[in-house]
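The sequence and structure are shown first.

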Amino acid sequence: GQFDRAIADYAVAIELDPNNDTAYLDRGNAYDNKSEYSKAIADYTSAIALNPKLAEAYNNRGYVYAETGDNNRAINDYTMAIELNRNYAEAYYNRGYAYDEKGGYDEAIADYNAAIAINPNDPEAYSSRGHVYIEKSMYYEAVDDYTRAIELDPRSASCYYNRGLAYQKLGELGKAEDDFNKAKELSNPSSTPAPVN
């Protein structure tokens, strides 16, 4: 977590070896952690210029673009990362999230499916796909995904809450209430929205 010191060391590494693509990549990560997004993008771009096959640099630059609200550029970078590494679960997940943010729900589901096929033990992928299913009024599918996410991460208050919403939409009010109560138990009750009947 000592990002300033890390950045200083990466700068020395780059000065000693200006063609060190990994130093640019890692310094970009440090800048991202400090929310210095323009510097992170510049370093990822330098890493890509030095090594156009560095899938992680495209993925990470895409992540910064998404953090700054530029989902179109993010999707382009995630797509490049995936073209370079077809088994890059994180890039599929991130692209799915960017599509979700743009309202491209079918594309998001396809990418979450791909991420889950590669890494079936990622609770975030199930949770995010569950969110899209709720947006598409596919409540049974949402329940299934949140249930799987809860199996993988039993302390996730948001998964219980969102599964409760799906149960509520299905008219299964007892199960919804159980999930809302569990969500409150796992989180600060004042921060958990009250269920709507």
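Tyrosine 161 is buried, its relative accessible area being 15%. This value, like the others in this report, comes from a predicted model. Phenylalanine 180 is also buried, with a relative accessible area of 4%; both values lie below the 20% under which a residue counts as buried.

## Aromatic pairs in the model

How many aromatic pairs does the count come to? The count comes to three, by a rule that requires ring centres within 6.5 Å. One of the pairs joins tyrosine 93 and tyrosine 97, with 6.4 Å from centre to centre and 35° between the planes, a tilted arrangement.

Tyrosine 93 and tyrosine 97 are four residues apart in helix α6, and therefore about one helical turn separates them. In general, an α-helix has 3.6 residues a turn, so residues three or four places apart point the same way. Tyrosine 93 is buried, at a relative accessible area of 15%, whereas tyrosine 97 is partly exposed, at 41%.

Tyrosine 161 and phenylalanine 180 form another tilted aromatic pair, with a centre-to-centre distance of 5.1 Å and an angle of 50° between the planes. This pair links distant parts of the chain: tyrosine 161 belongs to helix α10 and phenylalanine 180 to helix α11 (residues 173-186), 19 residues apart. Elsewhere, ring pairs link Tyr93, Tyr97 and Tyr112 into a cluster.

## Helix α8: length and ends

Helix α8 covers residues 123-135, and at 1.5 Å a residue its 13 residues should span 18 Å. The C-alpha atoms at its ends are 19 Å apart, which agrees with that expectation.

Which residue caps the N-terminal end of α8? The cap is aspartate 122, which has a side-chain oxygen 3.1 Å from the backbone nitrogen of glutamate 124. After α8 comes serine 137, which has a positive phi, near 60°.

α8 is mostly covered, since 10 of its 13 residues are buried. Among these buried residues are Tyr126, Arg129, Val132, Tyr133 and Ile134. Pro123, Ala125, Ser127, Ser128 and Gly130 are buried as well.

What covers the buried residues of α8? The covering elements include α6 (89-102) and α7 (105-118), together with α9 (139-152) and α10 (157-169).

Terms used: Residues are numbered from 1 along each chain as its sequence is written. This is a predicted model: local features need pLDDT of at least 70, side-chain atom pairs count only at pLDDT 80 or more; totals for chains, interfaces and linings use all residues. Side-chain values use heavy atoms; hydrogens and water are left out. Helices (H or I, at least four residues) and strands (E, at least two) are DSSP runs, numbered from the N terminus. The expected span of a helix is 1.5 Å times one less than its number of residues. Buried means under 20% relative accessible area, exposed over 50%, partly exposed in between (1.4 Å probe, protein chains only). Contact means heavy atoms within 4.5 Å. A polar contact is a pair of N or O atoms within 3.5 Å; within protein, one must be able to donate a hydrogen and the other to accept it, and residues adjacent in sequence count only if both atoms are side-chain atoms. Rings of Phe, Tyr and Trp (its six-membered ring) pair if their centres lie within 6.5 Å; planes under 30 degrees apart count as stacked, over 60 as edge-to-face and the rest as tilted.
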